[in-house]
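Here is a short briefing to read alongside the model. Keep the 3D view open and find each residue as you go.

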Amino acid sequence: MDTDNVALLRTDIAGLRNDISGIRQDIGILEAKADSLETWRVLYLAQEDLVIGKLFGKIDELVTGLSDMRADLARMRGERDAERRISMMIISVLSAVCGGLCARLFHG
C-alpha cells in the first residue's frame, strides 16, 4: 500500500508541476499583453495630445478669423456711418443753398 500511496503522491506532484508550468506560461503571456497594452496606451495618449493640440490650434484660428471679421464689420459700419454723415452734410448744404436761392427769388 505504501508504494501505491507513493505512486499517487508522485503523480499528484507531477500534475502540480505541470500546472505550475502552465501558470508560468500564462503569466508570461499576460505580461507580454500588459506590455503591449502599455505601449498602445502611450501611443494613444500621444495621439490624443496631438489631436487636442490641433483642435485648439484650429479654435485659435477660428477665434482670430471671427475677431478680424468683427473688426471688418465695425470698420464697414463706421464707413457707412461716415458716408451717411457726409450725405447729410451735403443735403444740408444743398438745402441751405436752395433755401437761400428761393428766399432771394421770392423776396428779392
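Predicted model: local features only at pLDDT ≥ 70, side-chain atom pairs only at ≥ 80, totals over all residues.

**R41 and E38**

- E38 has a relative accessibility of 37%, so E38 counts as partly exposed.
- How far apart are R41 and E38 in helix α1? They are three residues apart, and so they are separated by about one helical turn.
- As a general idea to keep in mind, side chains of opposite charge can pair when their charged atoms come close.

**The other salt bridges**

- By the rule used here, the count comes to three salt bridges.
- K58 and E61 form one of them, with 3.9 Å from N to O.
- Both K58 and E61 sit in helix α1, three residues apart, which is about one turn of the helix.
- Is K58 buried or exposed? K58 counts as exposed because its relative accessibility is 55%, and the cut-off for exposed is over 50%.
- R75 and D72 form another salt bridge, and their closest N and O atoms are 4.0 Å apart.
- R75 and D72 are three residues apart in helix α1, so about one helical turn separates them.
- R75 has a relative accessible area of 44%, so R75 is partly exposed.
- D72, at 38% relative accessibility, counts as partly exposed too.

**The overall shape**

- How many helices and strands does the protein have? The protein has one helix and zero strands.
- Why is the protein described as more spread out than a compact globule? Its radius of gyration is 46 Å, well over the 13 Å that the globule rule gives for 108 residues, and so the protein is more spread out than such a globule.
- The helix, α1, takes in residues 2-107.
- If you turn the model in your viewer, look for the spans of the C-alpha trace along its principal axes: about 155 × 20 × 5 Å.

**Surface and charge**

- What share of the 108 residues of the protein counts as buried? The share is 0%.
- The protein has an accessible surface of about 10,000 Å², and carbon and sulfur atoms account for 65% of that surface.
- The protein carries 14 positive and 17 negative charges.
- The mean position of the positive charges lies 17 Å from the mean position of the negative charges.

**A nonpolar patch**

- Which residues make the nonpolar surface patch of about 450 Å²? They are I52, L55, F56, I59 and V63.
- I59, one of these patch residues, lies in helix α1.
- I59 counts as partly exposed because its relative accessibility is 38%.

**Distances along the helix**

- M88 is found in helix α1, and its relative accessibility of 52% means that M88 counts as exposed.
- Where does M88 lie relative to D72? M88 and D72 are 16 residues apart along the chain, and their C-alpha atoms are separated by 24 Å.
- D26 belongs to helix α1, and D26 is partly exposed because its relative accessible area is 46%.
- From D26 to R75 there are 49 residues in sequence and 72 Å in space, C-alpha to C-alpha.
- K54 lies in helix α1, and K54 is exposed because its relative accessible area is 55%.
- K54 and A103 are also 49 residues apart in sequence, with 72 Å between their C-alpha atoms.

Key. Residues numbered from 1 in each chain as written. Heavy atoms only, no water. Helix = DSSP H or I, 4+ residues; strand = E, 2+ residues; numbered from the N terminus. Rg over C-alpha atoms; globule rule 2.2 N^0.38 Å. Buried < 20%, exposed > 50% of the residue type's maximum accessible area, 1.4 Å probe, protein only. Areas by Shrake-Rupley, 256 points an atom, 1.4 Å probe, with all protein chains shown as cover. Lys, Arg positive; Asp, Glu negative; His and termini not counted. Charge placed at Lys NZ, Arg CZ, Asp CG, Glu CD. Salt bridge = Lys/Arg side-chain N within 4 Å of Asp/Glu carboxyl O. Patch = residues over 30% accessible without salt bridge, like charges linked within 9 Å, V, L, I, M, F, W, Y side chains within 5 Å.
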